[in-house]
Amino acid sequence: MLASIPLPHPIDSRAGRALLRRATPADAEGIIALLADDPISASRGDQASDADRPAYLSALDDILASVENDLLVVEFDGAIVGTLQLTSIPGMARQGARRLLVEAVRVRSDLRSSGIGSAVMRWVSDDAAPALGAAMVQLTSDAARTDAHRFYERLGYVGSHVGFKYRVPQS
């Protein structure tokens with residue numbers, strides 16, 4: 001858990017007021033459903049199957065136990081409607097700059113374009129990053145997510161790098 005970030009935090013959107021807070025193990029089903037609600041994630045295997053539940057729960061436990069990670073959820077009308085993972089990365093480059101990595105940003109499909117995602121990402125840059133002493137907020141986005149790219153660019157993010165991934169063979 002990233003203890004210094006200011007949570008919980010109210011989120012105002014066109015859909016109404018929501019609450020951004022740290023995830024708990026009780027939020028697992030809602031988070032898994034958000035991953036499955038995303039076509040790209042679903043195509044990679046995030047399909048909310050019962051067989052995968054232990055892996056998700058183990059990952060959630062690992063994230064919540066880490067002092068350099070946090071998993072957040074957006075709660076609206078009693079339901080989990082958004083999530084994101086934050087990782088604080090100390091670095092040597094840029095005169096020892098700390099980076100705040102944002103991953104797995106999801107908003108429930110029927111609430112996309114409601115302002116929830118924009119409010120959450122503004123909170124990341126305006127509140128979370130300064131609280132952690134981060135000099136930079138960075139994220140990656142699948143090349144196929146052109147709508148997401150436009151969304152991040154509207155918020156001031158710059159597509160400055162090309163990312164590479166190597167899939168480790170599983171035995």
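Does Tyr152 count as buried or exposed, and at what relative accessibility?

Tyr152 counts as buried, because its relative accessibility comes out at 10% and the cut-off for buried is under 20%. Keep in mind that this is a predicted model.

How many aromatic pairs does the count give? The answer is 2 aromatic pairs. One of them joins Phe151 and Tyr152: the ring centres sit 5.0 Å apart with the planes at 65 degrees, so this pair is edge-to-face. Tyr152 also pairs with Tyr157, again edge-to-face, at 5.9 Å centre to centre and 70 degrees between the planes.

Put together, Phe151, Tyr152 and Tyr157 make up one aromatic cluster. As for Tyr157, a relative accessibility of 17% means that this residue counts as buried too.

## The buried side of helix 1

Now over to helix 1, which runs over residues 28-36. Its buried residues are Ala28, Ile31, Ile32, Leu34 and Leu35. Around the axis they span an arc of only 155 degrees, so they end up on the same side of helix 1. A bit of helix geometry goes with this: an α-helix has 3.6 residues a turn, so residues three or four places apart point the same way.

What covers those buried residues of helix 1? The cover includes two helices, helix 2 (39-43) and helix 3 (53-65).

Definitions and conventions: Residues numbered from 1 in each chain as written. Predicted model: local features only at pLDDT ≥ 70, side-chain atom pairs only at ≥ 80, totals over all residues. Heavy atoms only, no water. Phe/Tyr/Trp six-rings, centres within 6.5 Å; stacked < 30°, edge-to-face > 60°. Buried < 20%, exposed > 50% of the residue type's maximum accessible area, 1.4 Å probe, protein only. Helix = DSSP H or I, 4+ residues; strand = E, 2+ residues; numbered from the N terminus. Arc of directions from axis to C-beta. Contact = heavy atoms within 4.5 Å.
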